[in-house]
Amino acid sequence: MESLTDQTLIQAATKAREAAYVPYSHFAVGAAVQVGDQIYTGANIENASYGLSLCAERNAIFQAVLAGHTHLDKIAVIADTKGPVSPCGACRQVMTEFMDPTATVLLTNLDGDLSQNQLQALIPGAFTKEDLHD
Ligand SMILES: O=c1ccn([C@H]2C[C@H](O)[C@@H](CO)O2)c(=O)[nH]1
Ligand SMILES: [Zn+2]
């Protein structure tokens, strides 16, 4: 089995983005999580009560978790932004729960601008379960 390429993961995020429900912001985001040779996808889903909206990244991550995976290898995120899309703080924190600090976060846009990051660079000093209790 050939290993899954970054382009394949980005394509999955791009396809997932088409299902975004964004009647308020009109800002569609797609995300795809890699676990081994499997891919779980998500898009942002908004609500008339704006604060209940959920980002693409968390929808994709939670799909993977619901399928039984709590250790995720990689995530790709795409939106129609000037440069590579920037995940919100909540999503960076949720990535921290299920990905290694050195795991790759691929951020891109519809023009193909791509930034490849280690998660730890996107959320320095992240709060983790190690910070709980003593
Ligand atoms: O990385 C991001 C940034 C924003 N959004 C969503 C939240 C909201 O639905 C819309 C505008 O903020 O985009 C994401 O899904 N991911
Ligand atoms: Zn977010």
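The questions and answers below concern this model, which is predicted.

Q: Why is Tyr50 called exposed?
A: Tyr50 has 9 other C-beta atoms within 10 Å. The term exposed applies at 12 or fewer, and therefore Tyr50 is classed as exposed. Tyr50 is found in the loop between β2 and α2.

Q: What makes Glu46 partly exposed?
A: Glu46 has 18 other C-beta atoms within 10 Å. A buried residue would need 20 or more, and an exposed one 12 or fewer; the value for Glu46 lies in between, so the residue is partly exposed. Glu46 is found in the loop between β2 (38-43) and α2 (56-66).

Q: Which residues does Glu46 contact, leaving aside its neighbours within four places in sequence?
A: They are Tyr21, Val22, Pro23, Tyr24, Ser25 and Ser53. Each is counted because its C-beta atom lies within 7 Å of that of Glu46.

Q: Which UniProt annotation covers Glu46 and Tyr50?
A: An unreviewed UniProt entry gives the annotation "binding site", and the residues it covers include Glu46 and Tyr50.

Q: How do you know that β1 and β3 pair?
A: Pairing requires at least two bridges. Strand β1 (residues 29-35) and β3 have six, so they pair, in the antiparallel sense. Within this pairing, Ala32 stands opposite Ala76 in β3.

Q: What makes β3 and β4 a pair of strands?
A: Seven bridges join β3 to strand β4 (residues 99-109), and at least two are required, so the two strands pair. They run parallel, and Ile78 stands opposite Thr108 in β4.

Q: Why is strand β3 called mostly covered?
A: Six of the eight residues of β3 (residues 72-79) are buried.

Definitions and conventions:
Residues are numbered from 1 along each chain as its sequence is written. Chains are lettered from A and ligands numbered from 1 in the order in which they are written. This is a predicted model: local features need pLDDT of at least 70, side-chain atom pairs count only at pLDDT 80 or more; totals for chains, interfaces and linings use all residues. Helices (H or I, at least four residues) and strands (E, at least two) are DSSP runs, numbered from the N terminus. UniProt positions are given in the numbering used here, feature names are shortened, and annotations may be inferred rather than shown by experiment. Two residues are in contact if their C-beta atoms, placed from the backbone, lie within 7 Å.
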